Amino acid sequence: MLSPSQGKLVRNGEERPTVICIEGNIASGKTTCLEYFSKTNNIEVLTEPVAKWRNVRGHNPLGLMYQDPTRWGITLQTYVQLTMLDRHLSQICGPVRMMERSIFSAKYIFVENLYKSGKMPEVDFAVLSEWFEWITQNIALPVDLIVYLQTKPETCYERLRERCREEEKVIPMEYLESIHQLYEDWLIKQTSFKVPAPVLVISADDDLEKMLHQYEENKERILSAQR
Ligand code: DGT
């Protein structure tokens, strides 16, 4: 259905670009993966709108959420949902779009984690879920492939310590373990939520050089958006 040289998919007679989402735990190496592919011709790379989450009209909902998730979880997640929707719907410049995470992982991983860990009040979860369901039932958000960077939570913990992002200093190992488990249930066991596209799993515990080699090896498979 897709020719890598052309990149365009034809579905229901309609030609549209291919959309690939890079998923994985916090500090799993998504940015490195996106940087690698940004050097390839004809790929549009969209990173997560983290800068916006750290500064919306002078406020930092990401930092607030880490300080007091029960109070600020809904605030961050509402904004994450909006900014991810905006990313999904923005005009695609080129035959292939590669984006960091998705509106799906924001809900299935992060909202779910806040709720399951008892840090999000039920009413906040209900309102976010209503929004999410309305969006996904009324707006087409096509995804053709999910690339899951599978890491041990310990690897992410080490990388987090090294990069030292101010807001993330409070993240404990248990948080990364919960996010990891939610990702595994969603994308590997496929027992929790609907998976919107085929999943390509790349083991991402290795150092930078080996990871770049893996991306090189998987490039064609990824760009042809088939398992
Ligand atoms: P990378 O390149 O794999 O190291 O990716 P990062 O760590 O730069 O980017 P990422 O997506 O893991 O997350 C940036 C920060 O935003 C991190 O502290 C986790 C947080 N975050 C991302 N999405 C959500 C979300 O939907 N809800 C919550 N609560 N936090 C989120």
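A: A polar contact is here a pair of N or O atoms within 3.5 Å. In this predicted model, an oxygen atom of the ligand lies 2.3 Å from an N or O atom in the side chain of Arg101. The side chain of Thr31 also takes part, with an N or O atom 2.5 Å from an oxygen atom of the ligand. The backbone contributes through Ala27, where an N or O atom is 3.2 Å from a ligand oxygen atom. On its own the ligand has 620 Å² of accessible area, and the protein covers 97% of this.

The shell around the ligand comes next. It consists of 23 residues, and Thr31, Glu48, Gln77, Arg101 and Arg163 are the closest. By class, the shell holds 12 nonpolar, 4 polar and 7 charged residues. At least two shell residues come from each of the helices H1 (30-38), H2 (50-54), H3 (61-67), H4 (69-89) and H5 (103-116).

The ligand takes up the space of the largest pocket, which contains about 630 Å³. Its lining numbers 37 residues, and those nearest the pocket centre are Ile26, Ala27, Lys30, Arg163 and Arg165. The lining divides into 18 nonpolar, 8 polar and 11 charged residues. Helices H1, H2, H3, H4 and H5 each provide at least two lining residues, as do helix H7 (153-163) and helix H9 (208-223).

Conventions. Residues numbered from 1 in each chain as written. Predicted model: local features only at pLDDT ≥ 70, side-chain atom pairs only at ≥ 80, totals over all residues. Heavy atoms only, no water. Near = heavy atom within 4 Å. Polar contact = N/O pair within 3.5 Å; in protein donor to acceptor, adjacent residues only side chain to side chain. Areas by Shrake-Rupley, 256 points an atom, 1.4 Å probe, with all protein chains shown as cover. 1 Å grid on protein atoms, 1.4 Å probe; cavity = no way out; pocket = protein on both sides within 12 Å on 5 of 7 lines; lining within 4 Å. Sits in = over half its atoms within 2 Å of the grid points. Helix = DSSP H or I, 4+ residues; strand = E, 2+ residues; numbered from the N terminus. Nonpolar A, V, L, I, M, F, W, Y, C, P; charged D, E, K, R; others polar. Points joined across faces, edges and corners; volume = space filled by probe spheres on them.
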